[in-house]
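Subject: A structure for you to look at

Hi,

Here is the structure I promised to pass on. Open it next to this email, and I'll walk you through what turned up.

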Amino acid sequence: MQQSLDKFAAAAESLKVRCAVYTRYSSDLQRPTSSEDQIRNCRAAAKEKGWDVLDDYIRSDEELTGRTVVGREGLADLMRLAEQKPKPFDCILIDDTSRLGRYLPDVLKESDTLLFHGVFIYFVSDRLNTSDEGSRIIHMVKGYGDERYSKDLAKKVHRGQEGCIRRGYTAGGTCYGYKNKYLTDPTVKERGHDRVVGVEQEIVPEQSAVVVRIFEMRAAGLSFSDIAKALNAERVAAPRRKYKGRIQDCWVPSSIKEITRNELYRGIRVWNRTEKVLHPSNGRKKKRVKPQSEWIRIDVPDLRIVSEELWDRTQTVNQRMKDLIYGRRQGGLNRTAASRSYLFSGLMTCGVCGGKFAVIIGGHPSKVRYGCTNHRFRNTCTNKVTILRKHLEPQLIAAISRNLLDPRLEPQLLRDFSEQLRAVIELEEKLAAEAASNGPTLTAERADLEKQAVRLADAIGQHGYSQVLSAQLSRVEARMAEIDRLLATKPAPKRRTFTDQQIAEFLRQECQDFCDALTSDPGFARQEIQKRIKKLVLTPINSLQGPVLEVSGDVALLRTDDVLVESPIQRFAQHYNDSTTLHPRSGDPVPAIPLTGIRLRPTPPVLSFSAKALKGLKSLSTAHPPEFMVLAFPQQL
């Protein structure tokens, strides 16, 4: 270790030390020029010592906290570069220790990791060189001070917010039904403006009327979802909120729920109910509810919007109904033991809005109903057609079977499948030729990629999740998989040819096997469906019999797990499967059979037969009698 430190110290004295630069500032209230100021200081220090600043290795993290390294892609990029051989720089210049971080364990870990790879940090304002033997204790003291500063600042901010609350002001943020009014002191200037001494809230008449209406509807017994749909249908302006990275400007049940439980509308401001705690590993903030003894309740009668009587009636309904948030009512994929037998859950999307077509009403299996979740829970989609699971699955199974087994469709399937099969063979031969000519090069490239993948995985394990790291690892793994496919491609001495009879027999066998799986054990049927069908789009259309759902999608056929392979095309399918060749544009397995002409009737006709007709039915020879019994007119699906 001492030898390494001596080596770094000698390098620091060299006139040829190559320097990267890292800057960070933590708040959008800070000037964007903060990074420029830090870079200028680093350049001045490098010039004073005769070091070279490499412009290609200047990284910044803007408006990011120093309490965690998660999400700081600029720092993460420098850490990855430092691991390269040969390393592109010898030193990282940082303005002061707080710019590296305000959490001592993270700071020391990053510093030690860089030293291990032969890169030292020089903190310009502190004149601290991590390669110096006595620098660690100084770094620890200053790092602890940086960490303490962050915690003390949070306490001071909290104390200031509490003072605002007790003086009748708001501590920040907005609330639907109110607008913020800034109170300023013109005698004191801050950043060229009058100093803000407090923020009051004022009632917005238009929004307050909506709030009263929400309370009245809830007191009348309407669910949160029904209230949200009613407001969306009337195009009532909703509070904007950020959800999963997107801005939502529509009413959702969870917003209605929060409004009906917010005591500010009854003239009482409740503060300090929750606190946000930063997780040290993943950098995410988690909200925790504080004990009620720590809550601060302030009467603000001027902000009352709903009467006490209306408030009490609404809370009575909330307590009685115990209404769950819309997301918990969706049911569906793998939520219960029963739902695991739902054959098509997770595969269906709405053809109108592109959202999920999933379970919207759960409960007993006979009452499970599918529909567009955006229409059901948000009223942001016009697709109001729903269908019971007990009607959807038999019709869809029968229609898929007819698509695959109908002799009238066989010539077209044969032509489409033959064209796709020919494209697969040509692609495979091309890959085989590339593998034969570039084998050694591909092998060497894969070895390098494997080392990169290990380093990236280690970095993610050490520093937590990072979009940049994850994306880079995905690209490396994708290239490794592509090389594996190329190297695994078997030489093709001559072009493979299959007769129409061979292809037709293969199609009939594969289609029959899949159709048999559809009517087998639900668990096995679900596995086969998930493997062969990636997406089903259900679009509502009007027909003479009423609204129906038109289904589109496709079924992949070149997939076999058989140990015994009988025909040449089956052997090709097995070979194709092992090499996992993908469509060059879509990335999906090819070839596949499109599903066409499928229409689901939400309310299938009820058939009644005479005794003579029933006797005739028994004499019929059909591969799928349930289809005939469930559907009156199969050709109309």
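Let's start with a question: is Arg-389 buried or exposed? Arg-389 is buried, because its relative accessible area is 14%. (Buried means under 20% relative accessible area, exposed means over 50%, and partly exposed is in between, with a 1.4 Å probe and protein chains only.)

Some housekeeping before we go on. This is a predicted model, where local features need pLDDT of at least 70 and side-chain atom pairs count only at pLDDT 80 or more, while totals for chains, interfaces and linings use all residues. Residues are numbered from 1 along each chain as its sequence is written, and side-chain values use heavy atoms, with hydrogens and water left out.

**Salt bridges**

Arg-389 has a partner: its side chain meets that of Glu-393 in a salt bridge, at 3.0 Å from N to O. (A salt bridge here is a side-chain nitrogen of Lys or Arg within 4 Å of a carboxyl oxygen of Asp or Glu.) Both residues lie in helix 12 (residues 389–405), four residues apart, or about one turn of the helix.

The structure holds 23 salt bridges. One of them pairs Lys-142 with Asp-126, with the closest N and O atoms 3.1 Å apart. This pair links distant parts of the chain: Lys-142 is in helix 6, Asp-126 is in the loop between strand 4 and strand 5, and 16 residues separate them. Lys-142 is partly exposed, since its relative accessible area is 31%, and Asp-126 is partly exposed as well, at 25% relative accessibility.

Another salt bridge joins the side chains of Glu-263 and Arg-266, at 3.0 Å from N to O. Glu-263 and Arg-266 are both buried. They also belong to a network of salt bridges that links Glu-263, Arg-266, Arg-297, Arg-304 and Glu-308.

Helix 5 covers residues 104–116, and its 13 residues should span 18 Å at 1.5 Å a residue; the end C-alpha atoms are 18 Å apart, so the two agree. (The expected span is 1.5 Å times one less than the number of residues.) Its buried residues include Leu-104, Val-107, Leu-108 and Leu-115. After helix 5 comes Gly-118, with a positive phi near 85°.

In helix 9 (residues 253–260), seven of the eight residues are buried. Among them are Pro-253, Ile-256 and Ile-259.

What joins Lys-85 and Pro-86? A cis peptide bond does, with omega at about -5°. Pro-86 sits in the loop between helix 3 and strand 3, and Gln-84 is found in that loop too. Gln-84 is partly exposed, as its relative accessible area is 39%. Gln-84 and His-117 are 33 residues apart in sequence and 8.6 Å apart in space, C-alpha to C-alpha.

As background, most residues other than glycine have a negative phi, and most peptide bonds are trans. Now look at Arg-127, whose phi is positive, near 50°. Arg-127 is in the loop between strand 4 (120–123) and strand 5 (128–129), and it is exposed, with a relative accessible area of 57%. Arg-235 also has a positive phi, of about 55°. You'll find Arg-235 in the loop between helix 8 (224–233) and strand 8 (241–243), where it counts as exposed at 77% relative accessibility.

**Surface patches**

Ile-137, Ile-138, Met-140 and Val-141 make up a nonpolar surface patch with about 360 Å² of accessible area together. (Patches use residues with over 30% relative accessible area and no salt bridge, joining like charges within 9 Å and nonpolar side chains, meaning Val, Leu, Ile, Met, Phe, Trp or Tyr, within 5 Å; the areas come from the Shrake-Rupley method with a 1.4 Å probe, and for residues only the protein chains shown count as cover.) Val-141 lies in helix 6 (residues 135–166) and is exposed, at 57% relative accessibility.

Cheers

Notes:
Helices (H or I, at least four residues) and strands (E, at least two) are DSSP runs, numbered from the N terminus.
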